[in-house]
Amino acid sequence: MNGDVQMTAVDMVTMFKGQCTCEPAYSGTDCSEGICPVLCNGRGEYLYGQCLCHAGWKGAECNIAWNECLIPDCSGHGMCAQGECLCESGYTGEYCNQEAVIATTLCANHSDCFDHAECILGVCECTEGWTGANCHQQTCISSCSPHGECMDSKCVCNQGWNGKFCRLDGCPQGCSGHGDCQLMNQLWKCVCQNGFQGDGCQVTMELVCNDGQDNDADQLIDCADPDCCATAKVCSGQAICQTLPEPSSVLTYTLPSLPFFDRYRSWLEPSGIQFEASFDSLEDQSRASVVRGMAITSKGLPIPNMKVTVENQPLTGYTFTRADGWFDMIVTGGCAIQLQFQRSGLSIPPTFVFVPINEIVITDDIIIWTGEEEQQEECTEDTRQPPEFSILPSIPRTGIKLVEPGILLNQQSIHDEIKLTPSSMSLKYYSHRSNRVGAYINLTLDEHEGLHRIQLIHIKLDIAGVRWSKITEPEPHLSIGFTWNKTNAYGRLVHGKVRAKVSVGYEYYICNEVAWSVQAVMLDGITWSTTSMGGWFFPIHHTYDPTTGILVMGDGTSIDYNARPATIHTIMGNGRPRTASCPQCDGKARNTRLLAPTAVVTGHDGSLFVGDAELILKIGPDGNSSVVIHLSYVPTYKYHLAVSTLENKLYLAEPQMRRIYELQIPLNGSNHTQVDILAGTGRPCLLVDADGCGDNGPASNARLYSPKGIAVDKDGKVYFIDGTIIRVVDTTGRIGSFLEYTWCHDALQTPRCGSQMPASKLSLQYPTELAISPLDSALYVVDDDIILRITLNGMASVFAGIPSGCFFSSMNMEPSSTLSRADQVPMESPAAISFSPGGDLFVAETDYSNVHRVRMISPDGYISTVVGGVTPCDCRLEDCICFSGDEGPVGNATIQSPIALTVSAQNELIFVDQGNLRIRKLVKEVPRLHRRRFVYEIPSPYKNEIFLFDQFGFHFKTKHILLDEVVYIFNYTEAHDSLIGIQDSSGFAISIQRSSTKDPLMLEIGKNGSLVTLGVNEDGYLTQVNNLPEVGNVLLQYENGLLTRKLEREYLQNAY
């Protein structure tokens, strides 16, 4: 070399004095290693001269795993833990390469140190959360690396990165070279060049729309491509580009108390959004619901003009997706539906949705793959663990007074009054009735020991057809709040109570799947009142909402009849055994005797199916019973029934014959029942069978061991317990083991106390019962004295009961406690489980001697007793009476051996009271409409009065019960939507004059009496009461819909 400069045959290295001086983008002793070798080691994308690493990798070459440090030894002044340097005392910085020496390092006590420092072994050290030479710099609660740096206790993100900890990619893939990454409203976003779209400008748009070519490789050509519909004039008149109006624009209803179907009936008009639909029967109308969703491409773009039908409900007709990809249609609820999508050039699989009655249900996004499907990364067992979280409902427990069961009075609200002299009447204000006060919901995530493995947290909140979505970064003690404005997806105010579905998911590093956990909570909508006095109420005037069962009283209280204790009724059996021939089995179900009832299940039309020894009986909605099938033998074991919510089918799991039978449910008026064998040959399954007893083959050829608990998912798959494993029959009739169970296990394995485990490692001991959650299709299994939850992504946990070896404090062991955690309370001989449409799990427990009860577990895991309990004597003894309470409050009822149960689509609990040879039902005593007079008669909870309401809930009369005299009469406008007059028994009256918009303008107090003028602001709140006798003028001021000041005669009377 001799000191000369010499170039090699390649231009990546220069030799200087025997040393290799590498060109940019190369490294190593001989400059043979590229900084981005093999495209960033195959773990990232090379853009703009740097490697953008895939999730789970970092470093200039994407060669450092997420749990390793960029400087492995942390500059010799710390240790690497889960990808972050933990510095020794006296050092700080991301790589412990900065000295953090305190000016006065020696100390005798804490007072010798700076603020945020303490004396430890004679040396001042910064307390947790503080750093710097004088401990004056607050640290960030989580690392900002590698996309930002900590400054003044906050992360300052690099270009393209957002979020509290700079982990949210605002400009994916550097905007793919087709846009600029710009800071807009404090967030980095891609601004795409013409012809490109998507959050990372990664989607090519179809701009040439008349060449017959698929220019953007999405399988859609010319005007069939949504891009052309939106931009090209040549496509503007094409039928495929036409779109339906917004569903809110064709809604015409104004009365909140209309039945659910009548609110959306206008959608079925010729100018509506749903075509060729027929909801002629009152039964179909009473079960109506709305399903809505959005169809998008795999790149996130909406797909318009797709035809949407319901495969298993042809009478619902069809609709189309609109320009934004959304669709809305009325369906029959209380069951699962199969949505079908059709559009030229696309092959679209069906979507299955469970739809409760009278609700707006929003589906998951319908993702249509219009190009090559991206390869999914393999997810390990530790990246499948779903989150655990708790929900704080909208109404705080404090400040709510329970006047009596079902009657609520908010003690924290503001009450005020304006006396309408010279009458005895008045107007009253209650702040908790303001329709401007939103419903608040807060969710808090439980601590997760693997927080460092979580990349992102996904949150979805569905309320009344509206979905809020949020992606956030993991952090300790994460708590997120939402406020709902009490409107539905169509901008209409929601009255009464509504179910909110909350979904939280973990997205782990090195895994593209999201592990979801789902809960539900009830929220309060607005208070509907027919008084319409600018947010004020007459204490004597009330409103009843027949759609929600809530009585809104003028004195500030509300009565929710659905929240009051139910009554218990026998619907079949009388305690005496039937004969084998059962001559009374065809007739009134109440007169039908039973022999050995062991199973009960409900159909989505309200029918019940009862398994009673060799007979399977049907109780129709009319209350009549009939024999569906008569077995040729008398079963000696308990068998199980299940109904498909997707199809009109009943399933029988019969352990004695080792078969699963499929029965086509007879329609009304038909006595013919078609019976087929779904699974099992009748031959026993031996645990040593080499072929897994027929797994992965036709279910009808499979051998079963002992089929027990059975359930059908929303997509028609049939799950059942067979011995100690769970097997599943898919919709093609093939059978397999759920989650790759093996028939033999080395040792019993169950989830540890309060933890989760891979279901593939789970071994069941004595499983008997099975149910599927309508919220997320998770499987719930009774295994001895615990209930296990198995998610579809393969994780198992204890949902209720206490596994052996787990102990909890005695305060949580009391079964009668109404707020106990189900996984901290022992279960005693659980005999059956069943879900309500809203996700509550009902559990029947009986040891046949002293324990006879049904308990309910809410979706967030709290348990309470519904009916029954622990009897003081052994019910098997002749002198122990274990039947009582029929036709009375459920709290007074005694039951014996509840061995099976079900919950109807109408949310009614029905159970087999086997020891008493009865089928019993819990009924909510909601006011019923008088069939002839079309009147609701509701007794006052406080006085000897009865309130009379019309069929829409308008209060038109109050009568004295004992004297049978009219106390008050209430009059309304011709349109029957606003109160215009009140008259008492003496003839004294108050008249109300209203504007064309129904706002109150004037009160006439007494005949030819005082005229009191009223003022209302633009939000509809009462602001002025003028010329009031003995008072003069009253001025009212509000802020955000809440009363803040009240002035009389220009003097401040009350301020809030």
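**Close-up views of disulfides and sheets**

C119 is buried, with a relative accessible area of 15%; buried means under 20% relative accessible area, exposed over 50%, and partly exposed in between (1.4 Å probe, protein chains only). This is a predicted model, in which local features need pLDDT of at least 70 and side-chain atom pairs count only at pLDDT 80 or more, while totals for chains, interfaces and linings use all residues. Residues are numbered from 1 along each chain as its sequence is written, and side-chain values use heavy atoms, with hydrogens and water left out.

**View A. C107 and C119 form a disulfide.** The sulfur atoms of C107 and C119 lie 2.1 Å apart; a disulfide here is a pair of cysteine sulfur atoms within 2.5 Å. The link is right-handed, with 95 degrees about the S-S bond. Because C107 sits in the loop between strand 13 (98-99) and strand 14 (117-120) while C119 belongs to strand 14, the pair ties together parts that are twelve residues apart in sequence. Helices (H or I, at least four residues) and strands (E, at least two) are DSSP runs, numbered from the N terminus. C107 counts as buried at 14% relative accessibility.

**View B. A disulfide joins C113 to C124.** Here the S to S distance is 2.0 Å, and the link is left-handed, with -90 degrees about the S-S bond. C113 lies in the loop between strand 13 and strand 14 and C124 in strand 15 (residues 123-126), so this pair ties together parts that are eleven residues apart in sequence. Have a look at the burial too: C113 is buried with a relative accessible area of 12%, and C124 is buried with 5%.

**View C. C209 and C228 form a disulfide.** Their sulfur atoms are 2.0 Å apart, and the link is left-handed, with -90 degrees about the S-S bond. The pair links distant parts of the chain, 19 residues apart: C209 is in the loop between strand 25 (203-204) and helix 2 (226-231), and C228 is in helix 2. Both C209 and C228 are buried.

**View D. Residues 167-202 carry a UniProt annotation.** The unreviewed UniProt entry places the feature "domain: EGF-like" at this span; UniProt positions are given in the numbering used here, feature names are shortened, and annotations may be inferred rather than shown by experiment. The span is 0% helix and 44% strand, and its end C-alpha atoms lie 20 Å apart.

**View E. Four strands form an open sheet in the order 41-40-43-44.** The pairing is antiparallel; two strands pair if DSSP finds at least two bridges between them. Strand 41 (466-472) and strand 44 (514-524) are the edge strands, and each pairs on one side only. The twist averages 15 degrees from one strand to the next, with axes being lines fitted to C-alpha atoms (for helices over the stretch in contact) and angles running from 0 to 180 degrees between N-to-C directions. Seven bridges join strand 40 (residues 454-463) to strand 41, and I459 stands opposite K470 in strand 41.

**View F. An open sheet of four strands has the order 55-56-57-58.** Its pairing is antiparallel. Strand 55 (640-643) and strand 58 (674-679) stand at the edges with a single partner strand each, so one side of each is left without a neighbour in the sheet. Neighbouring strands of this sheet are turned by 25 degrees against each other on average, direction ignored. Strand 55 and strand 56 (residues 649-654) pair over four bridges, and the bridge partner of V643 is L650 in strand 56.
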